[in-house]
Amino acid sequence: MPKIVLKTEINAKKEIVFDLSRSINLHKISTEHTDEEAIAGVTSGLIGLNEWVTWRARHFGINQNLTTKITEFEYPNFFSDEMVKGAFKSFKHEHHFENHQNGTLMLDYFDYQSPLGFLGKIADSLFLKKYMTNLLVKRNITIKQFAESDKWKQIIQE
């Protein structure tokens, strides 16, 4: 089962980084290249505990739907989202936030299991883990850019 771990230092208050990380609107911005769109559940604003969203996006030239639910939530330190329905056999994405120097250390733990058994494991090693890592890194760069400027005010209210 592949695991992706990312550490991102952000020069902004933990509460701002936390809210940007659970913003449907910012997620749309960070995934523009996949034409990602929230089509059901919470489709804008901030998602919270026991809420869910269905995303439609184009990956590898194929339109796909993915539904995730917020299964754990401790403002402003931690939340977790898990796949309810989608292309993966399973996935869980933990988001941790710690005070760090003059800002926030954001930690992502993304565990997933590909479908198709042995073929899925081959896909992981050939391209899927790198693809997923790049998606998460792009998302984190977007969060960092918004949090470290006044752009976050377009997404959330303090």
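Biologist: Which residues of H1 are buried?

Modeller: Buried means under 20% relative accessible area, exposed over 50%, and partly exposed in between, with a 1.4 Å probe and protein chains only. Here the buried residues of H1 are Lys 14, Ile 16, Val 17, Phe 18, Asp 19, Leu 20 and Ser 21. Helix H1 spans residues 14-21, and seven of its eight residues are buried, so it is largely enclosed by the rest of the structure. A word on the model. It is predicted: local features need pLDDT of at least 70, side-chain atom pairs count only at pLDDT 80 or more, and totals for chains, interfaces and linings use all residues. Residues are numbered from 1 along each chain as its sequence is written, and side-chain values use heavy atoms, with hydrogens and water left out.

Biologist: How many helices and strands does the protein have?

Modeller: Helices (H or I, at least four residues) and strands (E, at least two) are DSSP runs, numbered from the N terminus. This protein has three helices and seven strands. Along the sequence they read β-α-α-β-β-β-β-β-β-α.

Biologist: What is the radius of gyration of the protein?

Modeller: The radius of gyration is taken over C-alpha atoms, and the globule rule is 2.2 Å times the number of residues to the power 0.38. For 158 residues, a compact globule would have a value near 15 Å; the protein has 15 Å, which agrees. Its C-alpha atoms fill a box of roughly 45 × 30 × 25 Å along the principal axes. Of the 158 residues, 44% count as buried.

Biologist: How much space lies in the largest pocket?

Modeller: Rolling a probe the size of a water molecule over the atoms shows where empty space is left. A pocket is an open set of points on a 1 Å grid over the protein atoms alone, where a 1.4 Å probe fits, with protein on both sides within 12 Å along at least five of seven lines; lining residues have an atom within 4 Å of a point. Grid points are joined across faces, edges and corners, and the volume is the space filled by probe spheres set on them. In this model the largest pocket holds about 840 Å³. Of its 41 lining residues, His 59, Leu 66, Phe 88, Phe 91 and Met 132 are the closest to its centre.

Biologist: Which element supplies the largest share of that lining?

Modeller: H3, with ten residues. Elements that each supply at least two include helix H2 (24-30) and strand S4 (62-74).

Biologist: Which residues does Lys 92 touch?

Modeller: Contact means heavy atoms within 4.5 Å. Leaving out residues up to four places away in sequence, Lys 92 touches Glu 72, Ser 80, Asp 81, Glu 82, Tyr 109, Phe 110 and Asp 111. Lys 92 lies in strand S6 and is partly exposed, at 25% relative accessible area. A polar contact is a pair of N or O atoms within 3.5 Å; within protein, one must be able to donate a hydrogen and the other to accept it, and residues adjacent in sequence count only if both atoms are side-chain atoms. The side chains of Lys 92 and Glu 72 make one at 3.1 Å.

Biologist: Is Asn 140 buried or exposed?

Modeller: Buried, at 3% relative accessibility. Asn 140 is in helix H3.

Biologist: Where is the cis peptide bond that involves Pro 76?

Modeller: The bond from Tyr 75 to Pro 76 is cis, with omega near -10°. Pro 76 lies in the loop between S4 and S5.
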